[in-house]
Every structure is written in structure tokens, then in C-alpha cells.
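Dear colleague,

I am handing over to you the structure that follows, together with its sequence. Please look through it first, and then read the notes below it.

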Amino acid sequence: MLEVELCGIKLRNPTMLASGILGTSGAALKRVALSGGAGAIVTKSIGLTPREGHRNPTVVEINGGLISAIGLANPGYEEFGDEIRVAKEGGVPVIGSVYGFNFGEYAAVAETLQKYGVDAIELNISYPNVGKAGAFFGYSEELSHEVVKEVKKRVSLPVFAKLTAGAGDIVAIAKACEDAGADAITAIGALRAMKIDLITGKPILGNEVGGLSGPCIKPIALRCVYEIAREVDIPVIGCGGITTGEDAVEFFLAGARAVQIGTGVLYRGITIFKKVSQEIKEYLEENGYSSVDEIVGLALR
Ligand SMILES: Cc1cc2nc3c(=O)[nH]c(=O)nc-3n(C[C@H](O)[C@H](O)[C@H](O)COP(=O)(O)O)c2cc1C
């Protein structure tokens, strides 16, 4: 009932771990699959060279979510092969998330992650907190198109483009990625935001601004999925503020084939994937449906 297929990849349920949450180590990824019940796991975004990330504090909790600016801290692609090997012991598809500062970096890292055995590549063109990486590409139709095109030349795996609602016209970006050969769209990444400390009178985060995530961005993410799914023929993966089965169902109705969960892990623990899957199943049963596929895009018709 919960099984879905995404670009030829079978998921035992439609919940996936979003990039950047528990995704830096193979052991943590494996635990999300085995104990947490996720249908697939996405790694932390990996780049060409190791990065320490932004200075502390890197995360602040606000009403309805988090603002974080980890700064793409990661060990670099050369060190990541062992982590992928361990993550794969979780027995669910592993999606390698890639960021870069230019097209060549995206392509080189994607090609290496393919060699390490990931099942698909997710291109992070959504991350808003590191200068000319991530969202720098996702704000522009031309640059998004070019990243996808260059990566598709070098890998045979399915390629997901992860977009940002910070782009002026996210639907145009999604279409540019589809034209360039993207196999799926993930929408959305964290949104640029900030918080100021009333005692010091200064921004709280070391990086001053960060990415807003959690329930407070859900209505924006849902709107993006709805608008994108109406215009593209490739699958859309919903992401942003999903913490319950009801949230996930809203995304399916808006046209998503699967959902990613990040900040929700903070609220409901690592087993949130099991809990959300069970809640989706209850919704389907109570409403007379026999599969997730049956409700995908119903709000669009
Ligand atoms: C602490 C933290 C780190 C993140 N790191 C990444 C990352 O490395 N790559 C990426 O594509 N997205 C990253 N994200 C964004 C999430 O994958 C997700 O798109 C966003 O948080 C919205 O989903 P959520 O509300 O379920 O958290 C990060 C988010 C958080 C909270």
C-alpha cells in the first residue's frame, strides 16, 4: 500500500530523510533506514573539497521551525566512499546530494558518488547560505539548466534537482531543469531568514543569516509542489515542514510522489518515518484508497 516508485527506484514507503539532517555519517544514515523506517535516505550535500562550515551558533530554534547555517560542512567527496558503503547496509535506496561552486564540481562529485554506489543523485541548487554555491545556481534558469546538463553528461543514474522558493519563478526553474534532462524535482530547500538577539542587538547566527525550515515553511513548500507538478511531467518530491502523515498526504494531493523529512526529526525523533508512514496508511484505509499513487495530484484535477 505504501510502496512507491521514483524514477525506476522502488521505495518501501514514500518517506525519505532530507539532506543535511543526520546525513554526514554512514552509521547515522543506516540507523535512519533500519530503526527510523525511512523509505530512502539522502546524504548531507557533498562537495569537491572538505569544508568546516560556518562558525557557531549554527542553529537557532524559532516558533514553528529552525534557522540554520551549517555552511555545507562536509568531508569532501574523496572521504565519502566508506560512508556510502555503510549507509547502503540500511537496505534502502541511498541518494547522494551534491553541491558545487561551478558546473565541473557538480559533475565530478556526482560521477564519484555514482562510483561509490548511490542509487540517485540530488543536485543541491537550493542551499542559500554559502556564496556562489547551491542556490546561486537555483536562482537562475540558465545556471540550473547548465548544472543539470553537465551532470547528466557524466552520470547514468537518475538526477533530482532540488530547488529553492527563493527563486523568482520556481516553476520556470523546474521547467529549465526538466528540459536539461532532470529525472525528478525536489521542492523545496530551506529559505533565507534571520533572528536578532534583543540583548546583544546582533544577529544570533554566526553567519548572521541562515535557512528557515520546519512547519512554518510548509504552506510555501506545498504551493511550490502544486505549481510545479501542474507544469512538469517528471516526478516531484515534496520537502518542507512535513511532520505528520496528514502533512505528507497534502503533498501527495498537490502532486508529490514522495516526501522528504528534515526538521521533523527534531520534533518526533528518528522514528518519524515509521510514524508518518503509519499515518499515511491510516488515511488511505479510512478514505478507501489502496495505494499512495491513487491520491497523487488529486488536488490538481
Ligand atoms: C541543519 C540543516 C542542514 C541542512 N543541510 C542541507 C544540505 O546539506 N543540503 C541540502 O540540500 N539541504 C539541506 N538542508 C535543507 C533540508 O534538506 C530541507 O530541504 C529543509 O530543511 C526543509 O525541510 P524540513 O522543513 O523538513 O527540514 C538542511 C536543513 C537543516 C535544518
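Which of the 29 residues around the ligand come nearest? They are Ala18, Gly20, Ser213, Gly262 and Thr263. Please bear in mind throughout that this is a predicted model.

The ligand and its surroundings

The shell around the ligand is made up of eleven nonpolar, 16 polar and two charged residues. Two strands, β6 (65–68) and β12 (209–213), each contribute at least two residues to this shell.

Ile21 lies in the loop that runs between β3 (15–17) and α1 (26–34). Ile21 counts as buried because 21 other C-beta atoms lie within 10 Å, the cut-off for a buried residue being 20 or more. Setting aside residues up to four places away in sequence, Ile21 touches Gly262 and Val265. Ile21 and Val265 are 244 residues apart in sequence, yet their C-alpha atoms are 8.1 Å apart in space.

The nonpolar core

The largest nonpolar core has 99 residues, of which Ile41, Ile121, Leu123, Ile185, Ala187 and Val225 touch the most other members. Helix α7 (residues 218–231) gives the most to this core, namely seven residues.

Two pairs of helices

Helix α3 (residues 103–116) packs against helix α5 (residues 141–154) at an angle of about 35 degrees, and their axes are 9 Å apart. The crossing of these two helices is right-handed. On the α3 side, the contact involves Phe103, Tyr106, Ala107, Ala110 and Glu111; on the α5 side, it involves Glu146, Val147, Glu150, Val151 and Arg154. By class, the residues of the contact of α3 with α5 are six nonpolar, no polar and four charged. As a general point on spacing, an α-helix has 3.6 residues a turn, so residues three or four places apart point the same way.

The second pair is helix α8 (residues 245–253) with helix α10 (residues 272–286), which pack at an angle of about 65 degrees with their axes 8 Å apart. The crossing of α8 and α10 is right-handed. Gly245, Glu246, Ala248 and Val249 of α8 meet Val276, Glu279, Ile280, Glu282 and Tyr283 of α10. The contact of α8 with α10 has five nonpolar, one polar and three charged residues.

Why is α8 described as largely enclosed by the rest of the structure? The reason is that seven of its nine residues are buried. The buried residues of α8 are Gly245, Asp247, Ala248, Val249, Glu250, Phe251 and Phe252. Among the elements that cover them are α7, β13 (236–239), β14 (256–261) and α10. Just after α8, Gly255 takes a positive phi of about 120 degrees.

The segment after α10

Val292 is found in the segment after α10. Is Val292 buried or exposed? Val292 is buried, because 26 other C-beta atoms lie within 10 Å. Not counting residues up to four places away in sequence, Val292 touches Leu2, Val4, Pro14, Phe252 and Ile280. Val292 and Met1 are 291 residues apart along the chain, while their C-alpha atoms are separated by 6.8 Å.

With kind regards

Technical notes. Residues numbered from 1 in each chain as written. Predicted model: local features only at pLDDT ≥ 70, side-chain atom pairs only at ≥ 80, totals over all residues. Near = placed C-beta within 6 Å. Helix = DSSP H or I, 4+ residues; strand = E, 2+ residues; numbered from the N terminus. Nonpolar A, V, L, I, M, F, W, Y, C, P; charged D, E, K, R; others polar. Buried ≥ 20, exposed ≤ 12 C-beta atoms within 10 Å, placed from the backbone. Contact = placed C-beta atoms within 7 Å. Axes fitted to C-alpha atoms, helices over the stretch in contact; angles between N-to-C directions. Left-handed = near helix turned anticlockwise from the far one by under 90°. Core = buried A, V, L, I, M, F, W, Y, C linked by C-beta atoms within 7 Å.
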